[in-house]
Amino acid sequence: MDIKKFSSESTFEANVVTEIVSVIENGSAKNCSIGLSGGKTPRPIYQALANNAIFDFEKVEWYMVDERCVPRDNQDSNYKMITEAFGKAEPNFFKHFHYFDTALEPATAAEVYAKELNKIPSQQFDLIILGIGADGHTASLFPHSPALLETERLAVRTINEKAPNPPVRDRLTITWPMILASKQILLLASGVDKKDTIEALFNSNLDTTQFPAKRLLEHTNATLFWLE
Ligand code: 6PG
């Protein structure tokens, strides 16, 4: 995994945006597919992508990486975060956004979304934007979760055992086959509290069950963008 370190928020954001736009513009495919994570780090990047309107929104299909099993207008909803960040400035976004439908029962929502992912050529995102948690989770692939072992289904329901209450504990996530098949991975980490996490990613003896994000190190086109 390549590492790009930044000390200023604006340079970090500008470089991540440039990387995403270059994937969109240089892709040969008519429609480029991009996986979007939730979390705090990517929000300003999504806003910048929409506000600057520096590429043709008709060219991109956007896919949610994971979701909490909460209504779409809930503060913990990734649907809410992503659509607010993109949709305010770019109404065309909604036509091209694919998401877990939390109005459905979780297992059904995962199945329906997996069918959507199956329509992507070779089930391969051109780019996936991921984050990393202090416990080593990425997407909603948490330590010791059975979801880590999934080799067939592209999306599953899962649980964040450490979360305080049922709706936030219950999650929907894409799985390793979908993540690792992506042509390119951008792993985003921001803030001093991520220092130990990044140290654990590269230098700990933890295995991929204990620290799932370590599987990203298998990928040959993955870059960590790190705002220290
Ligand atoms: C989410 C994502 C999660 C996130 C990491 C990092 O929806 O929260 O599933 O994997 O990317 O927890 O989050 P931060 O960007 O907030 O550090």
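Which residues lie nearest the centre of the largest pocket? That's what the first close-up is for, and keep in mind that this is a predicted model.

**View 1. The centre of the largest pocket.** Gly38, Gly39, Lys40, Arg68 and His137 lie nearest the centre, out of 30 residues that line this pocket. The space inside comes to about 700 Å³. Sorted by class, the lining has 12 polar, 11 charged and 7 nonpolar residues.

**View 2. Helices and strands that line the largest pocket.** Look for β4 (66-68), α3 (78-87), β6 (127-131) and β9 (185-190), each of which supplies at least two lining residues. The most comes from α3, with 4 residues.

**View 3. The ligand and its shell.** The ligand sits in the largest pocket. Around the ligand are 14 residues, with Lys40, Thr41, Asp66, Ala139 and Lys194 the closest. That shell splits into 7 polar, 5 charged and 2 nonpolar residues.

**View 4. Polar atoms facing ligand oxygens.** Lys194 puts a polar side-chain atom 2.4 Å from an oxygen atom of the ligand. From Ala139, a polar backbone atom is 2.7 Å from a ligand oxygen. Arg68 has a polar side-chain atom 2.8 Å from an oxygen atom of the ligand. On its own the ligand has 420 Å² of accessible area, and the protein covers 90% of that.

**View 5. The second largest pocket.** Here the space is about 210 Å³. The lining is made up of 13 residues, and Ser145, Pro146, Ala147, Arg157 and Thr158 are the closest to the centre. By class, this lining has 6 nonpolar, 4 charged and 3 polar residues.

Notes: Residues numbered from 1 in each chain as written. Predicted model: local features only at pLDDT ≥ 70, side-chain atom pairs only at ≥ 80, totals over all residues. Heavy atoms only, no water. Near = heavy atom within 4 Å. Polar contact = N/O pair within 3.5 Å; in protein donor to acceptor, adjacent residues only side chain to side chain. Areas by Shrake-Rupley, 256 points an atom, 1.4 Å probe, with all protein chains shown as cover. 1 Å grid on protein atoms, 1.4 Å probe; cavity = no way out; pocket = protein on both sides within 12 Å on 5 of 7 lines; lining within 4 Å. Sits in = over half its atoms within 2 Å of the grid points. Nonpolar A, V, L, I, M, F, W, Y, C, P; charged D, E, K, R; others polar. Points joined across faces, edges and corners; volume = space filled by probe spheres on them.
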